[in-house]
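Let us walk through this structure step by step. Keep the sequence and the model in view as you read.

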Amino acid sequence: MLRAMLAAGFILAAAPALAQAPAAAPAAPPTGAPADTVMNRNLAPHAPRMTVTPREQLPLAQLRVPDGFQVDVFAHGMPGVRMMTEGPNGTIFAGTRTIGRVYAITANPDGTTRTRIIAQGLTQPNGVAMVGNNLYVIAINRVLRYDNIEANLDNVPAPVELTDGFGLPPDQHHGWKFLTLGPDGRLYTNVGVPCNVCEFDRDRYALLVSFNPDGSGRRIEARGIRNSVGMAHHPVTRELWATNNGRDWVDNDNPQDSLHRIRRSGEDHGFPFCVGTWADPQHNAGRNCSEFQAPAALLGPHVAALGMRFYTGTMFPEQYRNQIFIARRGSWNREPLSGYDVVVAKLDAQGNVTGVEPFLTGFRDDAAQRFTGRPVDVHVMRDGSLLVADEQLGAIYRVTYRR
Amino acid sequence: MRVSILAAALAAALAFPLALPAAAQDARRGQALAADICAACHGPEGRSQMPGVPSLAGQPAEFVTMQMILFREGLRAVPVMQQVAQGRSDQEIEDLAAWFASLPPGPPDDRPARNAELLARGQAVAARSNCGVCHLPNFAGRNQIPRLAGQREDFLAQTMAEYRDNRRSGSDTQMNAVMYGMPDADIAALAHFLSQQD
């Protein structure tokens, strides 16, 4: 049975890609509970909420941050809001998955914000990044460039289609992208594995990849990273760091999601064989885990560690400088719930992670085993405040610090 | 053209809830709207007597809401439903969902007679495909995951083929994964088995 599922997955992964049919990606192999799981077999992904959540229903009163910090609502009424980027004039652009939209948020003179929908009907447009004045959006394998976007928010012109140049696989499952511009002017993104865990082409899936902005010059930055949905370059060393989502259906505490430091392009980080010293019980294939690059830190089992940024501002206390803020969307394949928060990975001068600490909490109710919001991305604004996108409640919060 | 669609969607999605106090979903408002725009095809009590049209009675509210939003946003390709959903506010959609969720589920009047052989094969396919993990062992559905028990057999078969052939995806891509490569005969048996559950 398991073997048959794996075989189906292999055929799928090896099948030639259908050219740019946005809704017609090849399916992934089954992702539900395997017959031999020790877990509660009725665990299923939580329902996303794609209707507008009124401001008064946001759980602002429950949110907790360290002393001196304060959380406010920056913008709301944006169902499914996910990954963020900022234009040169200060517009925040945010992608989504299920609802297919890209939002633009601008500041009004009175300090409130205005939200526009600048694109819609796209298939999981999760990846957004600015290159100069141009907004890049990646919707699975579709790559769109909206030129001079901030001057055209009320009359968005048709985007330039760069899909063919990038040649990304069209698989929807784990095919949503995180996108970031590197200090070298290249675009960095992820290609997740189109299954929970399976045999697959390790040159095509479970990768971090980079491109020139026209899609040429593809380079594999890291292999064996199952499903990264967050990455950023260290502001001093310029090294690429990335979060990764571990597989489902092993047990409540394994494997852990992980944080990866990419010291050299192309190194192997171990999926599906290992996560650090943890050998996959079904997919280790006799490999020694010391063959692979170990994660820089473990981020917790099933927590869904997604968007991450180094803190480059000056508003927060000095101890946060160049530390990594990470949004943990929260678990579904685990009892009890875990994640649903923003954590800080603390780095020492050598770039070793010395600890992972909670920063923004209060979305998870442990007694009731319920959650309100789901943080999916963070963004450091020019004034040093930190934006946190909440996909479940369609809101972006702003964290500030006052001495 | 594109801009006016965006503006309409923005007005529907953003302006409305800002202009009104938070209104909980209201099944009675949903009933009135459903009589106007849903009943002709989905049946006055949400039990469809029309081939190819699903029954909505007893569907989880979050499922109905999600599908209506996918129609409204142009992300699920059923032209007649995109037309019905166009410009609908979140509140209208949630009202409709509350109404259909409140109705007792049940099979269509023209449910085909049980075929023991097909039923047994369908049961085996359901077990092998782990349908009950998400849809629950009694196939009543939950949250964004639809009720399958008692659904129209023709609709189930058509929908599963759409997932298999990547002509549809749901709030995520799980169903495309589950249906990958399933033979027509298995789909027919599964549709029969699920439609016969009560």
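Strand E12 (residues 207–211) of chain A runs antiparallel to strand E13 (residues 219–223) of chain A, and four bridges join them. Strands here are DSSP runs of E, at least two residues long, and helices are runs of H or I of at least four residues; both are numbered from the N terminus. Two strands count as paired if DSSP finds at least two bridges between them. In E13(A), A:Ile220 stands opposite A:Val209. E13(A) also pairs with E17(A), in the parallel sense, over two bridges. There, A:Arg223 has A:Asp268 of E17(A) as its bridge partner.

A note on the source. This is a predicted model, in which local features need pLDDT of at least 70, side-chain atom pairs count only at pLDDT 80 or more, and totals for chains, interfaces and linings use all residues. Residues are numbered from 1 along each chain as its sequence is written, chains are lettered from A and ligands numbered from 1 in the order in which they are written, and side-chain values use heavy atoms, with hydrogens and water left out.

Now move to another part of chain A. Strand E7 (residues 134–139) and strand E8 (residues 142–146) of chain A run antiparallel, joined by five bridges. E7(A) and E8(A) form a hairpin with two residues between them. In its turn, A:Ile140 has a positive phi of about 55 degrees. A:Tyr136 has A:Arg145 in E8(A) as its bridge partner. A:Arg145 also stands opposite A:Val160 in E9(A). E8(A) and strand E9 (residues 160–161) of chain A pair in the antiparallel sense over two bridges.

Some loops of chain A deserve a look. Most residues other than glycine have a negative phi, and most peptide bonds are trans. A:Ala304 is not a glycine, yet its phi is positive, about 60 degrees. A:Ala304 sits in the loop between strand E20 (297–301) and strand E21 (305–310) of chain A. The peptide bond from A:Asn254 to A:Pro255 is cis, with omega near -15 degrees. A:Pro255 lies in the loop between strand E15 (240–244) and strand E16 (256–262) of chain A. The peptide bond from A:Phe271 to A:Pro272 is also cis, with omega near 5 degrees. For A:Pro272, look in the loop between strand E17 (267–268) and strand E18 (274–275) of chain A.

Turn to chain B. It is divided into domain 1 (2–102) and domain 2 (116–195), with bounds from an automatic or database domain assignment. In chain B, 18 residues of domain 1 are in contact with 17 residues of domain 2, contact meaning heavy atoms within 4.5 Å. The two domains of chain B bury about 1,300 Å² between them, 50% of it on carbon and sulfur atoms. Buried area is the accessible area (1.4 Å probe) that two parts lose on being put together, summed over both. B:Gly52, B:Phe63 and B:Arg76 supply 29% of the area that domain 1 buries against domain 2, more than any other three residues.
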